[in-house]
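These are my notebook entries on one model, set down in the order in which I looked things up. The coordinates come first.

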Amino acid sequence: MTETSNFKVETDSHIAWLILNRPEKRNTMGLAFFEEISNLFDGFDCDPNVWVVIIKGEGKSFSAGTDLEEAAKLLGQGSADGRERMREDILALQRAFTRIERCRKPVIAAIHGHCIGAGLDMATACDLRLCTEDAHFCLKEAAVGF
């Protein structure tokens, strides 16, 4: 098993289980999340022992989306230069999900509980989505200024 600040990775019979591991924050995605997931998918894509990746969340939620406390660092930059930096930062974060989409291995999202905002974006980057009956989806980016 491998652990980062946001993930646990377990492998079993050519399956890589990517476990979102911030249950106390409902697996919200801070800024480090995006770099970590990019690096992990670079590894999965090249690893001949990984045939499929399954993403699941630890605790009560798949993911409650972006950690808004950390995202506030990107928002509210009033100048034209500040807004351009914000646009570039958001594009860099979105590239993490593009790595999931372009992974040459099948990627499955195993969704339970909340799947909100960026959590839904991540799930849509996967090849297949499986949901429990308690899965709840919500996309409110415009309401918070994304």
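**Entry 1: Ala16.** I began with burial: at 0% relative accessibility, Ala16 counts as buried (buried means under 20% relative accessible area, exposed over 50%, partly exposed in between, with a 1.4 Å probe and protein chains only). Ala16 is found in strand 3; helices (H or I, at least four residues) and strands (E, at least two) are DSSP runs, numbered from the N terminus. I then listed what Ala16 touches, not counting residues up to four places away in sequence: Glu10, Thr11, Phe44, Val50, Val52, Val53 and Ile54 (contact means heavy atoms within 4.5 Å). Ala16 and Val52 are 36 residues apart in sequence, yet 6.3 Å apart in space, C-alpha to C-alpha.

**Entry 2: basis of the values.** I note that this is a predicted model, in which local features need pLDDT of at least 70 and side-chain atom pairs count only at pLDDT 80 or more, while totals for chains, interfaces and linings use all residues. Residues are numbered from 1 along each chain as its sequence is written, and side-chain values use heavy atoms, with hydrogens and water left out.

Entry 3: An open sheet of 6 strands has the order 1-2-3-4-5-7, with mixed pairing (two strands pair if DSSP finds at least two bridges between them). Strand 1 (2-3) and strand 7 (128-131) stand at the edges with a single partner strand each, so one side of each is left without a neighbour in the sheet. As background, strands of a sheet pair through backbone hydrogen bonds, either parallel or antiparallel.

I recorded two pairings of strand 3. Strand 2 (residues 7-12) and strand 3 (residues 15-20) run antiparallel and are joined by 6 bridges. Within this pair, Thr11 stands opposite Ala16, and the bridge partner of Asp12 is Ile15. Strand 3 and strand 4 run parallel, and 6 bridges join them; here Leu20 stands opposite Gly57 of strand 4.

**Entry 4: positive phi.** Which phi does Ser13 take in the hairpin of strand 2 and strand 3? I found a positive phi near 50°, in a hairpin with 2 residues between the strands. Ser13 is exposed, with a relative accessible area of 59%. Arg26 also has a positive phi, near 55°, and is a residue other than glycine. Arg26 is found in the loop between strand 3 and helix 1 and counts as partly exposed at 33% relative accessibility.

**Entry 5: helix 1.** I asked which residues of helix 1 are buried. They are Phe33, Phe34, Glu36, Ile37, Ser38, Leu40, Phe41, Phe44 and Asp45. The buried residues of helix 1 pack against strand 2, strand 3, strand 4 (52-57), helix 3, strand 5 (107-111) and helix 4 (118-125).

Two packed helices are described by the angle between their axes and the distance between the axes. The axes of helix 1 (residues 31-46) and helix 3 (residues 80-102) come within 9 Å and cross at roughly 25°; axes are lines fitted to C-alpha atoms, for helices over the stretch in contact, and angles run from 0 to 180 degrees between N-to-C directions. Helix 1 and helix 3 are therefore roughly parallel to each other (angles under 35 degrees count as roughly parallel, over 145 as roughly antiparallel, 65 to 115 as roughly perpendicular and the rest as oblique). I listed the residues that meet: Leu31, Phe33, Phe34, Ile37, Ser38, Phe41 and Asp42 from helix 1, and Leu93, Ala96, Phe97, Arg99 and Ile100 from helix 3.

**Entry 6: Asn6.** I looked up the loop between strand 1 and strand 2, where Asn6 is found. Asn6 is buried, with a relative accessible area of 5%. The side chain of Asn6 makes a polar contact with the side chain of Glu36 (3.1 Å); a polar contact is a pair of N or O atoms within 3.5 Å, and within protein, one must be able to donate a hydrogen and the other to accept it, while residues adjacent in sequence count only if both atoms are side-chain atoms. Not counting residues up to four places away in sequence, Asn6 touches residues including Ile19, Leu20, Arg22 and Phe33.

**Entry 7: Glu70.** Glu70 lies in helix 2 (residues 68-71) and counts as partly exposed at 23% relative accessibility. A polar atom of the side chain of Glu70 lies 2.8 Å from the backbone nitrogen of Leu31.
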